[in-house]
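These are my notebook entries on one structure. I set down each item as I looked it up, with the cut-offs used.

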Amino acid sequence: MEILISPTLQRIPWVEHGFGTRQAPLSQDGMAGLEQVHSAVALVADRPQGSVGIGDALITNRPGVSVSIRSADCFPILLADARGQIVAAIHAGWRGTAARIAGEVLGKMAAQFGTSSRDVYAAIGPGIGACCYQVGEEVARQFGLDGAGRIDLAEANRVQLIEAGVPEERIEVLNACTCCDRKRFHSYRRDQLQAGRMISYIRIARRIFD
């Protein structure tokens, strides 16, 4: 099975994580999940499995609780507060990105757990690249374009993380286009209703300090 790992997050000794692929059909059994609705809503997971509610991001400070999201072109973003030992999983499509979901999640982490953005590491996983993501005028205008065109959701989320205070050198973009790479990834833009979903997750494997 090919599960994609972020070298940036892998440097944090207490973090376990992965971005699913076609070759790694991860199950959400035993993981906390969401009823995803393309929002900027972040919820806190305090139990190890099942749906936490309606939203598009999960945060936890509980060791052993895997927070997970499903994607098939939208971007999975995994965050880890290296100082506070808090993790988050984000589902960022164009609606969530336009609503600045990454900043909303960081704000919730700060309010709920005292996270400082400067202590956060981030990995932006596989999603539809600007190479394949042609959008109409209505969507394009939300990303600063005057008319229909291509938008780069990975870059938009990277910039939003920086603007929210995450150090640029702590943000990793995997640069894998789900629409281009049929062999490795599911893609709703490419396969429509036949598209599967990929699971991405992050968890605190163990608490190494109080």
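I began with strand β5 and found both of its faces covered: Ala57 and Ile59 on one side, and Leu58 and Thr60 on the other, are all buried. Buried means under 20% relative accessible area, exposed over 50%, and partly exposed in between, with a 1.4 Å probe and protein chains only. I note that, in a regular strand, side chains alternate between the two faces of the sheet. Helices (H or I, at least four residues) and strands (E, at least two) are DSSP runs, numbered from the N terminus.

I recorded the basis of the values: this is a predicted model, in which local features need pLDDT of at least 70 and side-chain atom pairs count only at pLDDT 80 or more, while totals for chains, interfaces and linings use all residues. Residues are numbered from 1 along each chain as its sequence is written, and side-chain values use heavy atoms, with hydrogens and water left out.

Entry: the sheet. I traced an open sheet of six strands with mixed pairing, in the order β3-β5-β8-β7-β9-β12. β3 (42-44) and β12 (171-173) stand at the edges with a single partner strand each, so one side of each has no neighbour in the sheet. On average, neighbouring strands of this sheet are turned by 15° against each other, direction ignored. Two strands pair if DSSP finds at least two bridges between them.

Entry: the partners of β5. β3 and β5 pair in the parallel sense over three bridges, and I located Ala57 as the bridge partner of Ala42. On the β8 side, β5 (residues 57-60) runs antiparallel to β8 (residues 86-92), joined by four bridges. There I found Ile59 opposite Ala88 and Thr60 opposite Val87.

Entry: helix α3. I found α3 lying across β3, β5, β7 (75-81), β8 and β9 (120-124), running at about 155° to β8. Axes are lines fitted to C-alpha atoms, for helices over the stretch in contact, and angles run from 0 to 180 degrees between N-to-C directions. The axes of α3 (residues 101-113) and α5 (residues 153-163) come within 8 Å and cross at roughly 35°. I list Ile101, Ala102 and Leu106 of α3 against Asn157, Gln160 and Leu161 of α5 as the residues making this contact, where contact means heavy atoms within 4.5 Å.

Entry: Gly149. I located Gly149 in strand β11 (residues 149-150), and it is buried at a relative accessible area of 11%. Leaving aside neighbours within four places in sequence, Gly149 is in contact with Tyr133, Gln134, Val135 and Ala140. From Gly149 to Ala130 I read 9.4 Å, C-alpha to C-alpha, across 19 residues in sequence.

Entry: cysteines. How many disulfides does the structure hold? I found zero, a disulfide being a pair of cysteine sulfur atoms within 2.5 Å. The closest cysteine sulfur to that of Cys177 is in Cys180, at 3.7 Å, which is too far for a bond. For the sulfur of Cys180 the closest is in Cys132, at 3.4 Å, again too far for a bond. I also noted that Cys177 is buried at 13% relative accessible area, whereas Cys180 counts as exposed at 51%.
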